[in-house]
Amino acid sequence: MSFTQIDSDCKLAREYALLGNYDTAMVYYQGVLQEIQKLLTSVHENDRKQKWSQVRTQINVEYEHVKDISAVLASFKMSDPVPSARGPGPRDDFILPQDDNGYDPDVWPPPTPAENNRNRAPVHRDVRQNKRNDPAPRRGAGNAGGRATT
């Protein structure tokens with residue numbers, strides 16, 4: 001593997017890790033680490049060998065971080081504290097928050113029935129006549145009290 005291949009695979013590993021494809025990123029990291037190890041066996045100059053050894057250590061730290069993140073995500077997937085609707089039936093360890101009377105504090109009670117009109121207080125409305133729109137009252141036009149006047 002050439003230096004450019006190590007460089008491009010390392011970039012791909014980092015990109016996959018950033019995108020959340022941790023399994024693919026780990027495969028690329030492992031490939032890069034193996035190639036650096038092969039390169040270290042072929043290099044005879046101490047300065048170059050030391051620099052590649054530092055690069056391998058840094059990439060190994062990145063690989064371990066990605067591995068830890070992947071392990072944490074796997075632990076989230078394994079623990080399922082909330083009962084899922086996909087399961088075959090209700091879970092036995094999930095208890096609804098109800099007391100002995102069937103009262104659930106998260107549910108509102110049903111509304112009270114409407115009261116009859118006889119129990120209500122009468123509604124007083126302030127009705128004022130608008131003098132501009134109402135015709136003037138007529139005097140003597142009607143029969144007051146049912147008596148005839150002569």
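Which residues touch the most other members of the largest nonpolar core? Select I6, Y29, V32, I36, W52, I59 and V66 to see them, out of 17 residues in that core. A nonpolar core here is a set of buried Ala, Val, Leu, Ile, Met, Phe, Trp, Tyr and Cys residues joined through side-chain atoms within 4.5 Å.

Before moving on, note that this is a predicted model, where local features need pLDDT of at least 70 and side-chain atom pairs count only at pLDDT 80 or more, while totals for chains, interfaces and linings use all residues. Residues are numbered from 1 along each chain as its sequence is written, and side-chain values use heavy atoms, without hydrogens and water.

Now colour by helix (a DSSP run of H or I, at least four residues, numbered from the N terminus). Helices 1, 2 and 3 each supply at least two residues of the core, and helix 2 gives the largest share, eight residues.

Next, click V32. Beyond its neighbours within four places in sequence, V32 is in contact (heavy atoms within 4.5 Å) with I6, D9, C10 and I59.

Then turn to the rings. Rings of Phe, Tyr and Trp (its six-membered ring) pair if their centres lie within 6.5 Å; planes under 30 degrees apart are stacked, over 60 edge-to-face, the rest tilted. That rule gives three aromatic pairs. One of them is F3 with W52, stacked at 5.6 Å centre to centre and 15° between the planes. F3 sits in helix 1 (residues 3-19) and W52 in helix 3 (residues 46-78), 49 residues apart. W52 is buried (under 20% relative accessible area; exposed is over 50%, partly exposed in between, with a 1.4 Å probe and protein chains only), at 18%, whereas F3 is partly exposed at 43%.
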